Amino acid sequence: MTAVKGVDLTIEPGETLALVGESGCGKTVLCKSLMGFLCARGEAKANRMEFLGQDLRNLSERQRAAYRGTGIAMIPQDPMMSLDPVVPVGEQIAEAVRIARARRGASADATNTALSEAPSEGAKLSAAPALSAEEEAARLMEQVGIDGGKTRYNQRPYQFSGGMRQRVVIAIALATKPRLLLADEPTTALDEQTQGEILQLIRDVQKSTGAGMLFITHDLHLVEDMAQRVAIMRSGKLVEEGPVKQVFAYPQNPYTEQLLGYLDYHRHRGHDHRAPAASDEVVLSVEHLEKRFGDHRVLRDFSLDAKAGEIVGIIGPSGCGKSTLTRCIMDIEPVDGGTISVPCGRDRVQMIFQDSQDAFNSMMTVREIIAEPLRIRRKESRDKIEEKVFSVMEEVGLDDHLADRRPGQLSGGQRQRAAIARAIITDPALIIADEPLTGLDVTAQAKIVHLLRELVTTRGLSLLLIAHDRPMVEHVSSRIIEMG
């Protein structure tokens, strides 16, 4: 299988090239090829792969690794998967500093020696001792906006928010003093405010270092803010490339034109799926809800109700209590005050989780995953359950041939459709969708949000749509509740 085919890219110092395309088109594979991070079965072939005048194809693995430690750095999509969960974040940054210094063949002592041999102004610099790896790590933490000194230095990744973890991996990338940054979906799953802070940080880093950057994203509205040029990728090939303003204003490829159509959601244009509530029947009532974790109050005097046939959008920044609210409604977390009433019965409430990859049992097939809620109830025969499985698969747009695949063999959009099928197979009155669009490209997002709208209309159920993507939520919701 060829994941990337005949791609030609050039990035100048200080320039940002955005690489845009749907999930599975080869963006991350291209990034890993440049870094030399392909799996054992992966092979990258090119007529030329040049970095600062050096053809990387002619280097041994050890020599190429030196470039990763001295010039090319990658900001990964999922920092939690990239960070060691048991090692303090400060020490992980310090380790990157040590590796980068070792690969340059220059220790702190060698740096001092070089400075002492330099004339005039350089001689003055030699009086200042080189920072230790730990001191340099602390400096990098401060540079990327992680305050708290020694306390935060010794904390583990799970003690950091998503935005703060992203700052940690940026600090690790900075430790190499890169000339080329590969930013692979660096703001996926971050709320709008945190996303803006991280993007500004990346811009500041690039400006201060003069590094070129390959900015990989599926979010077209970010391209206008981040890049000078854009390349559109589909099925492993580049279908269009040029200055951002030119490509966005005068797309030459039909696929580019299709993708740009989804920008209307973020510009508050285009068709609108919002509709008034279809019924006065209340399926969920939350009154004056209070929830604390120790001395920290997460929810204060929170109230809402949801009626049959409507979509209630709930938006807000990370840490505002959105997920805590869902856990309280699902009776996973006890409440400290207020009431939650589910007139239809809690057995008619279902969840669609943010990360279906983690929510599913990786050893089960799609048909087993979708059927599981009915099997737990033990009210229907095996044949009847099997019939319902294929019925809901068809309803959510999953082909029959996917029934015997496992979650890891599905695309992100397919997994989310399987999660929706699992939720509706019990004929719920209320579905709580917790960030169901996170990590999906803009095309898949639009298809999933339209599917949810259609299910609400045809089934008359109620949907709590929790997300940080305001334009997409506004596009489909009957009304919006903003948490802060």
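**Exercise 1. In what order do the 6 strands of the open sheet stand, and which strands are at its edges?**

Step 1: the 6 strands line up as β4-β5-β6-β1-β7-β8 in an open sheet with mixed pairing. Strands here are DSSP E runs of at least two residues, helices are H or I runs of at least four, and both are numbered from the N terminus. Two strands pair if DSSP finds at least two bridges between them.

Step 2: β4 (72-75) and β8 (237-243) are the edge strands, each pairing on one side only.

Step 3: on average, neighbouring strands in this sheet are turned by 15° against each other, direction ignored. Axes are lines fitted to C-alpha atoms (for helices, over the stretch in contact), and angles run from 0 to 180 degrees between N-to-C directions.

Before going on: this is a predicted model, where local features need pLDDT of at least 70, side-chain atom pairs count only at pLDDT 80 or more, and totals for chains, interfaces and linings use all residues. Residues are numbered from 1 along each chain as its sequence is written, and side-chain values use heavy atoms, with hydrogens and water left out.

**Exercise 2. In which sense do β4 and β5 pair, and which helix lies across β1, β4, β5 and β6?**

Step 1: β4 and β5 (residues 180-184) are parallel, with 4 bridges. Look for M74 opposite L182 in β5.

Step 2: the helix is α10 (residues 192-209), at about 160° to β6 (212-217).

Step 3: α13 (residues 254-261) packs on the sheet too, touching β1, β7 (229-234) and β8 (contact means heavy atoms within 4.5 Å), and its direction makes about 105° with that of β7.

**Exercise 3. Why is one side of β13 and of β16 left without a neighbour in the sheet?**

Step 1: write down the order of this 5-strand open sheet, β13-β14-β15-β11-β16, with parallel pairing.

Step 2: β13 (349-352) and β16 (479-482) sit at the edges with a single partner strand each, so one side of each has no neighbour in the sheet.

Step 3: β16 runs parallel to β11 (residues 311-315), joined by 4 bridges, and I314 has I481 as its bridge partner.

**Exercise 4. How many of the 8 residues of α15 are buried?**

Step 1: apply the cut-off, under 20% relative accessible area for buried (over 50% is exposed, partly exposed in between; 1.4 Å probe, protein chains only).

Step 2: α15 (residues 322-329) has 6 buried residues, namely K322, T324, L325, T326, C328 and I329.

Step 3: just past α15, D331 takes a positive phi of about 65°.
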